[in-house]
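This briefing is meant for a reader who is meeting the structure for the first time.

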Amino acid sequence: MQYTALIVDDDEKLARLLQVYFEKDGFNTLLAHDGLRALKLARENKPDILILDLMLPGMDGWEICRTLRQESDVAILMLTARDEEADRLIGLELGADDYVTKPFSTREVVARARAILRRTRKMADSPEASTVRVGNLVIDRQRYEVTLQGEVLDLTPTEFKILELLAVNTGRVFSRLQIVEKVQGFAFDGYERTIDAHIKNLRRKIEANPREPQYIQTIYGVGYKFTGDVNE
């Protein structure tokens with residue numbers, strides 16, 4: 001399957017370098033150097049993944065991420081020149097799937113994009129796909145869809161995979177590092193703390209009161225676990 005990547009960066013030289021590497025890896029590519037153009041291309045062409053710089057003219061990457069998350073489940077890999085954890089967490093809370101901090105290896109960016117798309121594809125094609133039910137929460141692993149009281153929830157690929165992992169292993173406690181390794185298929189220094197941002201997003205979407213979660217419990221000093229009577 002040939003994927004399409006929309007590469008968004010106001011540094012035209014860097015964007016074209018990324019384009020070369022993505023096309024060598026078999027991707028179709030689109031380029032945008034400002035936020036408004038990126039949003040227009042994303043809506044018109046429906047790419048499989050956005051390689052999205054945060055600092056853009058016209059509309060920044062955070063706003064693009066927020067807007068597209070209300071419209072689609074397109075995979076989003078953030079590029080940021082900032083090394084502040086808070087900046088990365090904001091992007092993840094807005095629905096991005098992963099991030100890479102500049103300066104970076106172009107090969108790593110392509111590898112990260114492939115990893116995101118690979119696990120999305122795997123979830124859709126899994127031969128073990130089934131439906132997991134916990135009260136009014138339904139996780140359809142074959143259709144790659146989650147509903148709550150009959151309403152379809154807008155989850156990112158990473159959020160879906162975390163929820164699936166925890167729900168299928170209800171009662172089992174996973175550390176942040178274990179979640180990263182099982183969901184992403186790899187681990188990078190410092191990345192495990194971003195799991196908290198994904199959990200925060202999930203709670204906002206599935207819990208009646210995110211401050212008093214019924215499904216995803218925090219085990220302080222250890223990690224997270226899923227609670228509830230699960231039926232597959």
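A residue is called buried when its relative accessible area is under 20%, exposed when that area is over 50%, and partly exposed in between. The model discussed here is a predicted one, and Glu164, with a relative accessibility of 9%, counts as buried in it because this value is under 20%. The points below begin with that residue, then turn to other charged pairs, and end with the nonpolar cores.

**Salt bridges elsewhere in the chain**

- Side chains of opposite charge can pair when their charged atoms come close.
- Across the whole structure, a search finds 13 salt bridges.
- One of them joins the side chains of Lys102 and Asp9, at 3.0 Å from N to O, and this pair links distant parts of the chain, 93 residues apart, with Lys102 in the loop between strand E5 (98-101) and helix H5 (106-125) and Asp9 in the loop between strand E1 (4-8) and helix H1 (12-24).
- Asp9 counts as buried because its relative accessibility is 0%, and together with Asp53 and Lys102 this residue is part of a network of salt bridges.
- Asp196 forms a salt bridge with Arg176, where the closest N and O atoms are 2.6 Å apart, and the pair links distant parts of the chain, 20 residues apart, since Asp196 is in helix H8 (residues 195-206) and Arg176 is in helix H7 (residues 176-184).
- Arg176 is buried, because its relative accessible area is 18%.

**Nonpolar cores**

- The largest nonpolar core holds 27 residues, of which Ile179, Ile216 and Phe226 touch the most other members.
- Two or more residues of this core come from each of strand E6 (131-134), strand E7 (137-140), strand E8 (145-148), H6, H7, H8 and strand E12 (223-226), and H6 gives the most, with six residues.
- Another core, of 24 residues, lies apart from the largest one and has Ala32, Leu52, Cys65 and Leu92 among its members.

Key. Residues are numbered from 1 along each chain as its sequence is written. This is a predicted model: local features need pLDDT of at least 70, side-chain atom pairs count only at pLDDT 80 or more; totals for chains, interfaces and linings use all residues. Side-chain values use heavy atoms; hydrogens and water are left out. Buried means under 20% relative accessible area, exposed over 50%, partly exposed in between (1.4 Å probe, protein chains only). A salt bridge is a side-chain nitrogen of Lys or Arg within 4 Å of a carboxyl oxygen of Asp or Glu. Helices (H or I, at least four residues) and strands (E, at least two) are DSSP runs, numbered from the N terminus. A nonpolar core is a set of buried Ala, Val, Leu, Ile, Met, Phe, Trp, Tyr and Cys residues joined through side-chain atoms within 4.5 Å.
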